[in-house]
Amino acid sequence: MILSFQNLDFPLLLVDSVNVCTNHRAKFSTSMAIKIPSLSISTEEDRNLAKSRKNIGSAYTAITRCKVSDSWMSQENTVGIIGGLSVSSTLIFLEKLVWGSSRNGKESVPFIVCSDSTIKSELFMYATLVSSQDARFELHHRVIVEDLRRKRAFLEQSGAQCIVMPCHVLHVWHREVSRGCSVTFLNVGDCVARELKEANFKSLEAGGKVRIGLLARDANLVAKFYQEKLQSQGFEVVLPDKPTMEHIIIPAIEALHKRDIEGARNLLRVAIQVLLVKAVNVIILAADELQGVLPCNDPLLKKCIDPMDSLARSAIQWAQSTKDGT
């Protein structure tokens, strides 16, 4: 069922079960926990941005005044999903959620999806200004946060009892977006850190901390988010150096955009090897573009994890425990 609310100015997809297939992805498993052995902006754009911010604020205020009794979903274990920057990444997460929760004859986790990728342009401008002192940086920051908060509020009022954001970039604003949330709001960084703790890794270097490699497209946003989360849990995070980013990671992603899959695979293999020689126990692939590049039988893939798998497993665990009353 697809519902469109013109007054809210964003598309909504309401579903309680769906079967999504993607041929280029490996199947997700709830038992697949980590088990690895020991520009500048014109004045007109500024006016448009301010207008957009005003509209967002008005919509958010209207949403928060809705009555809880108007919610569509009555299941106490309903998961609300704020879609990522692309529809495909959101659908891939839904595959993980549905396939992982409906195994062994179980019913799929009920869920509501709010998907709107128009925020991508705001994020692009934010990323462009993030390392500058441009005063418009803060304006873009507020617009993004308000956009995400209105979606969060909409999902709350629609009956979601747990909210997730299957998008690496959006988690940069998780703390601000989740503030004041009336329901559980999972953080992908916490989900990954918990599973890494449960894996009980041992340092590959005597007397050192457990090292976690991290491959992300954006060092200023995504990489920093995961780095701070994991370091706070006692892990040492190893990032690619500047030459590796410029000559391996970025070219690998560019190769994918050119549909040069073999070239992208070879470059990704090199990037993984570069981190492995630095004694990392496992490597986080914190970029949607890097998922599904290596074939599922590639030995190097066993040393890599997809944070969205961790997020999906945590959502499933929450939903099933809530349904069972545990």
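**Note on the salt bridges**

1. Arg-150 and Asp-147 pair through their side chains in a salt bridge, N to O at 3.3 Å. The term stands for a side-chain nitrogen of Lys or Arg within 4 Å of a carboxyl oxygen of Asp or Glu. The model is predicted: local features need pLDDT of at least 70, side-chain atom pairs count only at pLDDT 80 or more, and totals for chains, interfaces and linings use all residues. Residues are numbered from 1 along each chain as its sequence is written, and side-chain values use heavy atoms, leaving out hydrogens and water.

2. Arg-150 and Asp-147 sit 3 residues apart in helix H4 (residues 136–157), so about one helical turn separates them. Helices (H or I, at least four residues) and strands (E, at least two) are DSSP runs, numbered from the N terminus. Arg-150 and Asp-147 are buried. Buried means under 20% relative accessible area, exposed over 50%, and partly exposed in between (1.4 Å probe, protein chains only).

3. Helix H4 also holds Arg-152 and Glu-156, 4 residues apart, about one turn of the helix. They form a salt bridge, with the closest N and O atoms 2.8 Å apart. Both Arg-152 and Glu-156 are buried.

4. Glu-236 bridges to Arg-211, with 3.4 Å between the closest N and O atoms. Glu-236 belongs to strand E8 (residues 236–238) and Arg-211 to strand E7 (residues 211–215), so this pair ties together parts 25 residues apart in sequence. Glu-236 is partly exposed, at 30% relative accessible area.

5. Lys-96, Asp-306 and Asp-309 form a network of salt bridges. The structure holds 13 salt bridges.
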